[in-house]
Amino acid sequence: MARETRCRYVPNGGGNDDPNNSSGNRGGGGRGGAIHLARIHGTEEDRVNCPFFFKIGACRHADRCSRLHHRPAFSPTILIKHIYRHPVREAELKAAEKLLLNKDKKDGSEGTGKSEDEKVDKKQAEENFLCFFEDMYEELGKFGRIEALNICDNLGDHMIGHVYAKFTDEEMAADALQIMNGRYYDGRKMEVEYSPVTDFREARCRDFDEHTCARGGFCNFMHIKPVPIPLIRSLDEDCEMERRREIDRQRERESRSRKRERRDGSSRRGGSSRSERGSGGSSRRRRDREVSSEHSSDEDNNYSDHEDGSKRRKRRSRSR
């Protein structure tokens, strides 16, 4: 007896491939899984990618992080690592140096073993920061218009001294990275790389902006140092004028090179024509000399014939 086979009908609205399925396939095999992964990418729910590196471009665990740090191949934002000298860290280093000097005292005594805290001159520190900001803005502004230049006030080892520069175009950022990477500023070698940060609103600490951050300089979000808006506008105008002058100088150099090429080409052509004319003139002079020599020879012959005739006439007269 034959066994009866029945087929089950599955409607088009069900299963894991249904985009309206709220449960979805969280393993990533269906369309719902891709939507879920895209939704949680760069968040705390993402167990694969590091959310802090995605938002801030830096992670306190560095290479020891259990999640992936995806470094972009191109980005409008570049990161210059540890280039700004934080005044608090500089004061700590000076205090440590004094502690080492105090250990080497008379009679080989180790001294007190205590370091005196170096006081930070806030006014001088602010002046140094503004000078540093102007230098960075003017140097980076040569490659294109800067949309944002942020300097971190954090004290954590993974973020201290970081400078983020976002350009209006990725090609400008690529030029800046190619030129600035490996250069030196204030005795420090610049280490420049692309940053995944494109929206600083998600990266900055809102509590720091409101002066209520309880973690201080060791917060994992950006503590962006404030800069006066008039200074930024003035620097932007100066950089724009400098870029225009550079474009004008480039055009002038190109026009000079084109004129020089045309002048050299015309001189070469003129030299060849003069040489042709000179060769033609010499050939004509040669022909004239040949003709004149022929005429002179004919005249000589005629003169000799005339002389012979006169002699003959004289001889005839004598003979008579």
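Lys-225 lies over the face of Phe-129, 4.8 Å from the ring centre. A charge counts as sitting over a ring if NZ of Lys or CZ of Arg is within 6 Å of the ring centre and within 35 degrees of the ring normal. The model is predicted: local features need pLDDT of at least 70, side-chain atom pairs count only at pLDDT 80 or more, and totals for chains, interfaces and linings use all residues. Residues are numbered from 1 along each chain as its sequence is written, and side-chain values use heavy atoms, with hydrogens and water left out.

Rings of Phe, Tyr and Trp (its six-membered ring) pair if their centres lie within 6.5 Å; planes under 30 degrees apart are stacked, over 60 edge-to-face, and the rest tilted. The whole structure has 7 aromatic pairs. In one of them, Tyr-84 and Phe-132 have ring centres 5.2 Å apart and planes at 45°, so the pair is tilted. Tyr-84 lies in the loop between strand E1 (77-80) and helix H3 (87-103), and Phe-132 in helix H4 (residues 122-140), so this pair ties together parts 48 residues apart in sequence. Tyr-84 is buried at 6% relative accessibility, and Phe-132 is buried at 5%. Buried means under 20% relative accessible area, exposed over 50%, and partly exposed in between (1.4 Å probe, protein chains only). Tyr-164 and Phe-200 form an edge-to-face pair, 6.1 Å centre to centre with 80° between the planes. This pair links strand E3 (residues 163-167), which holds Tyr-164, to helix H6 (residues 200-203), which holds Phe-200, across 36 residues. Both residues are buried.

The chain has 8 helices and 6 strands. Helices (H or I, at least four residues) and strands (E, at least two) are DSSP runs, numbered from the N terminus. Their order along the sequence is α-α-β-α-α-β-β-α-β-β-β-α-α-α. Of the 320 residues, 31% count as buried.

The largest nonpolar core has 29 residues. Such a core is a set of buried Ala, Val, Leu, Ile, Met, Phe, Trp, Tyr and Cys residues joined through side-chain atoms within 4.5 Å. Among the residues with the most contacts inside it are Ile-78, Phe-133 and Leu-149. Elements giving two or more residues to this core include E1, E2, E3 and helix H8 (229-319). H4 gives the most, with 7 residues. Leu-149 is in contact (heavy atoms within 4.5 Å) with Phe-133, Met-136, Tyr-137, Leu-140, Val-163, Tyr-164 and Ala-165, leaving aside neighbours within four places in sequence. Another core, of 12 residues, lies apart from the largest one; Ala-148, Met-159, Tyr-164 and Met-222 are among its members.

His-162 sits in the loop between strand E2 (146-151) and E3. His-162 is buried, with a relative accessible area of 2%. Beyond its neighbours within four places in sequence, His-162 has contacts that include Ala-58, Leu-79, His-82 and Cys-152.

The structure holds 0 disulfides. A disulfide is a pair of cysteine sulfur atoms within 2.5 Å. For Cys-50, the closest cysteine sulfur is that of Cys-59, at 3.8 Å, too far for a bond. For Cys-65, the closest is also in Cys-59, at 4.0 Å, again too far. Cys-50 is buried at 5% relative accessibility, and Cys-65 is buried at 17%.
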